[in-house]
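Welcome! Here is a short tour of the structure shown below. Keep it in view as you read.

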Amino acid sequence: MEEVPFGVPPRIYNYRCSKCNYKSEMNEAIIDTAYGWSKKRTKTSDGETIPVLECPDCNRFSFVCID
Ligand SMILES: [Zn+2]
């Protein structure tokens with residue numbers, strides 16, 4: 001039986017709403033999709049451009065990547 005090596009685990013992004021302070025983790029797949037529909041971007045400390053999402057709690061467009 002052939003062993004299949006594990007791939008790189010999907011990256012997790014920590015998000016926080018700047019309006020209501022709701023926090024959640026977003027995975028790579030969600031972020032990848034968001035590049036398509038979210039027009040707003042923020043930059044992380046390591047220079048990555050990350051889309052701004054809609055807050056799942058208050059539904060405002062203020063859910064930003066903090067890490
Ligand atoms: Zn919110």
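S1 and S2 run antiparallel and are joined by 5 bridges; two strands count as paired if DSSP finds at least two bridges between them. Please note that this is a predicted model, in which local features need pLDDT of at least 70 and side-chain atom pairs count only at pLDDT 80 or more, while totals for chains, interfaces and linings use all residues. Residues are numbered from 1 along each chain as its sequence is written, and side-chain values use heavy atoms, with hydrogens and water left out.

**The sheet and its helix**

- Strands (E, at least two residues) and helices (H or I, at least four) are DSSP runs numbered from the N terminus.
- The open sheet has 3 strands in the order S2-S1-S5, with antiparallel pairing.
- S2 (23-27) and S5 (63-65) are the edge strands with a single partner each, so one side of each has no neighbour in the sheet.
- On average, neighbouring strands of this sheet are turned by 35° against each other, direction ignored.
- S1 (residues 12-17) is joined to S5 by 3 bridges, and Cys17 stands opposite Phe63 in S5.
- Helix H1 (residues 28-37) packs on the sheet and touches S1 and S2, its direction making about 80° with that of S2. Contact means heavy atoms within 4.5 Å; axes are lines fitted to C-alpha atoms, for helices over the stretch in contact, and angles run from 0 to 180 degrees between N-to-C directions.
- In the hairpin of S1 and S2, with 5 residues between the strands, Asn21 takes a positive phi near 70°.

**The zinc site**

- Cys17, Cys20, Cys55 and Cys58 each give an SG donor to the zinc ion, at 2.2 to 2.3 Å. Donors are N, O and S atoms within 2.8 Å of the metal (3.2 Å for Na, K and Ca).
- The site is tetrahedral, with angles of 105 to 116° among its 4 donor atoms; for four donors this term requires all angles to lie between 85 and 135 degrees.
- Cys20, in the loop between S1 and S2, and Cys55, in the loop between S4 and S5, are 35 residues apart.
- Cys55 is buried at 1% relative accessibility, whereas Cys20 is partly exposed at 31%. Buried means under 20% relative accessible area, exposed over 50%, and partly exposed in between (1.4 Å probe, protein chains only).

**The salt bridge**

- Glu48 and Arg11 meet through their side chains in a salt bridge (2.5 Å, N to O). The term needs a side-chain nitrogen of Lys or Arg within 4 Å of a carboxyl oxygen of Asp or Glu.

Technical notes: Four donors count as tetrahedral if all angles lie between 85 and 135 degrees; four count as square planar and six as octahedral if opposite donors are over 155 degrees apart and all others between 65 and 115; anything else is irregular.
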